[in-house]
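Hi,

Here is the structure I promised to pass on.

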Amino acid sequence: MELLHEPIPGVLELRARVTEDSRGSFAETFSRRTMAKFGVDMEFCQDNESYSATKGTVRGLHLQTEPHAQGKLVRVLQGAIFDVAVDVRPDSPTFREHATIELAAGDNRAVWIPPGFAHGFCTLADHTVVTYKVTDFYSPRPSEASGSTIPNSRSPGRSSATPPCCPTRTLPPHRSPRF
């Protein structure tokens, strides 16, 4: 794996090195040793996969805070996404800043999103499959550190990162607080 870009300290755009031959190709999509060289020494405890049938499906922004904060390594297996990570760590110098990246099947790229970031994406193609490794188990109750925000909500210091192709909310307003 190689580090392509670090748009916000800790958010890493990565690319797997691909070896091709007459049979097809092989890529190492995760190496704990390589990630440690990039400053990420986390253990993953769960792999998740989402399928979105239609272009323009928004998932997120989701977050889990301490004691169940999650880091995520996100890849696209089919289709394409506009991915967004927002720093929600109040003591961070990049608090409320966001990073965006487009990921597509076959581009061999991934994005590492550290704990303390809200994360979401908008699908750019029908039949999109996204897979992500996480560093903590899902916490189902908001009182136990999980939540979501409406991605186009406006507040001081934050601009919307939602692309024009996507809807303007993820959950009904009574379930998603504005950020």
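Below are my notes on the aromatic pairs and on the confidence of the model.

Please keep in mind that this is a predicted model. The average pLDDT of the protein is 84, and 78% of the residues reach at least 70.

Now to the rings. Searching the whole structure turns up two aromatic pairs. In one of them, F30 and F44 have ring centres 5.0 Å apart and planes at 80°, which is over 60° and therefore makes the pair edge-to-face. F30 sits in the loop between β4 (24-27) and α1 (32-37), while F44 sits in the loop between α1 and β5 (46-52), so this pair ties together parts 14 residues apart in sequence.

The other pair joins F44 and W112, with ring centres 6.1 Å apart and planes at 75°, so this one is edge-to-face too. W112 belongs to strand β10 (residues 109-113) and F44 to the loop between α1 and β5, so the parts tied together here are 68 residues apart in sequence. Through these ring pairs, F30, F44 and W112 form a cluster.

Finally, two stretches to treat with care. Residues 150-160 stay under 50 in pLDDT, and the model gives them 34 contacts beyond four places in sequence. Residues 168-177 are also below 50, with 22 contacts beyond near neighbours in sequence.

Best wishes

Note on methods
Residues numbered from 1 in each chain as written. Predicted model: local features only at pLDDT ≥ 70, side-chain atom pairs only at ≥ 80, totals over all residues. Heavy atoms only, no water. Phe/Tyr/Trp six-rings, centres within 6.5 Å; stacked < 30°, edge-to-face > 60°. Helix = DSSP H or I, 4+ residues; strand = E, 2+ residues; numbered from the N terminus. pLDDT = per-residue confidence, 0-100. Contact = heavy atoms within 4.5 Å.
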